[in-house]
Amino acid sequence: MILAELTALYERLAARGEVPSFGYSVENISFALVIDSDGHPVEFTDLRRTNGNKLRPQPMRVPTNPEISRTSAIYANPLWDKTSYSLGCTATPKERTAEEHQAFIDRQHALLDGIGDGSLKAFLNFLDSWDPARVTDIPGYSDDLLDANLVFRLDGEKSYIHDAPAAQTIWQEALERDSEAVAQCLVTGEKASIAAGHPRIKGVEGAQSSGGAIVSFNNNAYLSYGLSGERTAALSKTAVFAYATALNYLLRRDDDNHHRVRIGDTTTVFWAVARDADAESQAEWLFSVVTEPPPPTDAQESQRVHDTLAQVADGRPLTDLDSRLDPETHIFVLGLAPNAARLSIRFWCTDRLETFLARYRDHWHDLALDPPAWRGTAPAIWRLVNTTATSREGRTKTEDVSPLLAGETMRAVLTGRRYPRALLTNTLMRFRSDGEIGGTSATGRLRIALCKAVLNREARLAASSTVKPEINMSLDRDSTHAGYLLGRLFAELENAQRAALPHINTSIKDRYFGSASTTPASVFPMLVRNAQHHLSNIHKDDKPGLAGHIESEIEAIFAGLGERFPKHLGIEAQGRFAIGYYHQREARFAKKIETPVADEAEQ
């Protein structure tokens, strides 16, 4: 399914001229060597382009064997290569340089001998007469040339030798001659030449710089029916080239690539197939929804995305949101992660755009708090997961996030399934570790939203009637859940302490939140006794109204609790404890800023 959809994507991209044809790839080329008709070197031409303060190689279509990826073994490319192969010159001399250069010469002769084309003859003459020691004598030489990729051009011609019609014809014939086996392709269903190897996929964060494979066989346990290697899964050469080219296109590191995002160790790519609308815009829109809104400096665009997401959350039809959005657009999402020399498929999701956005609407509602835990649009998935990671000197890095947690969270958002329970567990651990629990901390508010999202989705999807009801966005005075009530009680006890000791640096939250939320019976009796002293001091400070309010809140909460504090709270109850604490605090702060007009409007 994955390879078939990538192959179909390649065909659409190839029709628009955005990817190379079979037997070619786009490589970074830095220099060209100009030769005359007799094969004598004329000059080096620098093909690099200025990007900021740096010179960058030029992406160029060059012939490559789609079945072979050069690793430590010596293998020469046709009509182009890095200078250790093409010229026998390198910045770091090594014993095998001469062997690499000879392999390049032999490869070109095997490919081009007997060809009458003038540019190809000149190219062979150059190789036969070339002395690597003369490289510094050629005009245009610089040390930047060494170990860079090099192509060749005949003096007076605009195109490069590898682009000559004769060279292209010879290369296609060579690819066909290399076929050893014919079988039915598992992707196309047609009988064709079967690939003996698969190209490496590049651009996955954390993978080897040379790329990794998503299809490979290197152990006898993977072989069957007398077949070995990649022939165990019969894929035609063209299909292998197509899926790999399309995937490398989606993973390219260009600034204008809106089909790629990293979440934890998972590199996720998106693409779309639309009926009549622009499929590119559909994928870009989805990218903006599940990753990050436009830069805040672009106020108009940020507001447009915010308004659209709010309308999605309200259940508005897509056709009412944006004329570019087609509900029937088919969206494909693929998550890849490094695994030594291979790549792991973290998740694969495909459905209609309308279905994806309905699931995102559910994600929005599951996270929603009042007051909101964020400003503007809902936070990106990577930002949510980052709140559960261990911080380094006050800063959280993406690599600190559990790889499996990030991938499973993304899968939950895209499929509408349960969030990983580890999301709740890790969040509670962070509460106890750094004390960022709601309040003015953006990280703390997002963590509360995560707790609510995990618990609400489990409640909504549970088949059992014993699962607790969903949690409200704001303070729920009717809730009888022990964890939630204890969280509210803890907030009021902290309120009493701060009112009595306004200049205190360390509150009960900093010292007792972890134990109060896990073993309430061992902590709350002492906290309640201390609160009585705090309330007494508040009365003495001529604040009877404040003391009376706190006492009435505590009494109302105690009315919902049993006669004894629970000895232990499970993970779910601990999550509700944190949410109850947050709701009680926010309700108190909200009451302070209410106006008479607002009160009348509510009545």
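Helices H3 and H4 meet through Phe104, Ile105, Gln108, His109 and Leu112 of H3 and Leu120, Phe123, Leu124, Leu127 and Asp128 of H4. By residue class, this contact comprises seven nonpolar, two polar and one charged. The model is predicted. A further helix pair, H15 with H18, also crosses with axes that come within 10 Å, and two individual residues, Thr97 in H3 and Pro338 in strand S13, are described below.

**Helices H3 and H4**

- The axes of H3 and H4 (residues 118–129) come within 10 Å and cross at roughly 150 degrees.
- Angles over 145 degrees count as roughly antiparallel, and H3 and H4 are therefore roughly antiparallel to each other.
- The handedness of the crossing of H3 and H4 is left-handed.

**Thr97 in helix H3**

- Thr97 belongs to H3, which spans residues 97–112.
- With a relative accessible area of 8%, Thr97 is buried, because a residue under 20% falls in that class.
- A polar atom of the Thr97 side chain lies 3.1 Å from the backbone oxygen of Lys94.
- When residues up to four places away in sequence are not counted, Thr97 touches Ser84, Gly88, Cys89 and Thr90.

**Helices H15 and H18**

- H15 covers residues 482–500 and H18 covers residues 544–560; their axes come within 10 Å and cross at roughly 160 degrees.
- That angle makes H15 roughly antiparallel to H18.
- H15 passes H18 in a left-handed crossing.
- On the H15 side, the contact is formed by Leu485, Arg488, Leu489, Glu492, Leu493, Asn495, Ala496 and Ala499.
- On the H18 side, these residues meet Leu546, Ile550, Glu553, Ile554, Ile557, Phe558 and Gly560.
- The residues of the contact of H15 with H18 divide into ten nonpolar, two polar and three charged.

**Pro338 in strand S13**

- Pro338 is found in S13, a strand formed by residues 330–339.
- The relative accessibility of Pro338 is 25%, and the residue counts as partly exposed, because that class lies between the 20% limit for buried and the 50% limit for exposed.
- Leaving aside neighbours within four places in sequence, Pro338 is in contact with Val204, Glu205, Gly206, Ala207, Asp265 and Leu343.
- Pro338 and Ile214 are 124 residues apart in sequence, and their C-alpha atoms are 10.0 Å apart in space.

How values were computed: Residues are numbered from 1 along each chain as its sequence is written. This is a predicted model: local features need pLDDT of at least 70, side-chain atom pairs count only at pLDDT 80 or more; totals for chains, interfaces and linings use all residues. Side-chain values use heavy atoms; hydrogens and water are left out. Axes are lines fitted to C-alpha atoms, for helices over the stretch in contact, and angles run from 0 to 180 degrees between N-to-C directions. Helices (H or I, at least four residues) and strands (E, at least two) are DSSP runs, numbered from the N terminus. Angles under 35 degrees count as roughly parallel, over 145 as roughly antiparallel, 65 to 115 as roughly perpendicular and the rest as oblique. A crossing is left-handed if the near helix is turned anticlockwise from the far one by less than a right angle, and right-handed if clockwise. Contact means heavy atoms within 4.5 Å. Ala, Val, Leu, Ile, Met, Phe, Trp, Tyr, Cys and Pro count as nonpolar, Asp, Glu, Lys and Arg as charged, and the others, Gly among them, as polar. Buried means under 20% relative accessible area, exposed over 50%, partly exposed in between (1.4 Å probe, protein chains only). A polar contact is a pair of N or O atoms within 3.5 Å; within protein, one must be able to donate a hydrogen and the other to accept it, and residues adjacent in sequence count only if both atoms are side-chain atoms.
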